[in-house]
Structures are given as C-alpha cells and as structure tokens.
Amino acid sequence: MSKYAPLWEYLKTGGKDEYKLSFEEIEAISGFNIDHSFLTYKKESIEYGYGVSKISLKNKTVLFNKIK
C-alpha cells in the first residue's frame, strides 16, 4: 500500500473533475508532511483516475485532473 493511498482515495471518492490542493491540505489528508518523494509517488494517482497536471512550488499547490 502506498503512503499516499489516503490522498488517492480522497480524490477518487470525491469524484470532481479537478482538484487544486495546497501542500497543507495534502498533508492533512495523508497524515504526514509532503516531501520530494511525492514526485515519485504522483504516478500512482493514475490508478485512481487522476493525473497530476501541475505542481507549483511558489504557491505550494498541486493540481489534479480526472482522466477521461
């Protein structure tokens, strides 16, 4: 099981076409601080129907889009 499984489940069960989550929101959902390993784990989101469209280090946000 992925350490980001709670985040992927959150996206999947919410069912929105797009999510723009702050690092703080991702940390609250996942239960730990986001770090550089997210870059490796982000590809797992595809299995849950979402892709990572943009990571903004300046704004500390991640944009997820539903795969159609």
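Student: How many salt bridges does a search of the whole structure find?
Tutor: The search finds two, a salt bridge being a side-chain nitrogen of Lys or Arg within 4 Å of a carboxyl oxygen of Asp or Glu. This is a predicted model, in which local features need pLDDT of at least 70 and side-chain atom pairs pLDDT 80 or more, while totals for chains, interfaces and linings use all residues. Residues are numbered from 1 along each chain as its sequence is written, and side-chain values use heavy atoms, without hydrogens and water.

Student: Which residue meets Lys3 in a salt bridge?
Tutor: Asp35 does, at 3.9 Å from N to O. Lys3 lies in the segment before helix H1 (5-14) and Asp35 in the loop between helix H2 (23-30) and helix H3 (38-41), 32 residues apart; helices (H or I, at least four residues) and strands (E, at least two) are DSSP runs, numbered from the N terminus.

Student: And what does Asp17 pair with?
Tutor: Its partner is Lys68, with the closest N and O atoms 3.7 Å apart. Asp17 is in the loop between H1 and strand E1 (18-22), and Lys68 is in the segment after strand E3 (61-66), 51 residues apart.

Student: Is Lys68 buried or exposed?
Tutor: Lys68 is exposed, at 82% relative accessible area (buried is under 20%, exposed over 50%, partly exposed in between; 1.4 Å probe, protein chains only).

Student: Turning to H1, which residues are buried?
Tutor: Ala5, Leu7, Trp8 and Leu11 are buried in H1. They lie on the same side of H1 because they cover an arc of only 165 degrees around the axis, taken from the directions from the helix axis to the C-beta atoms.
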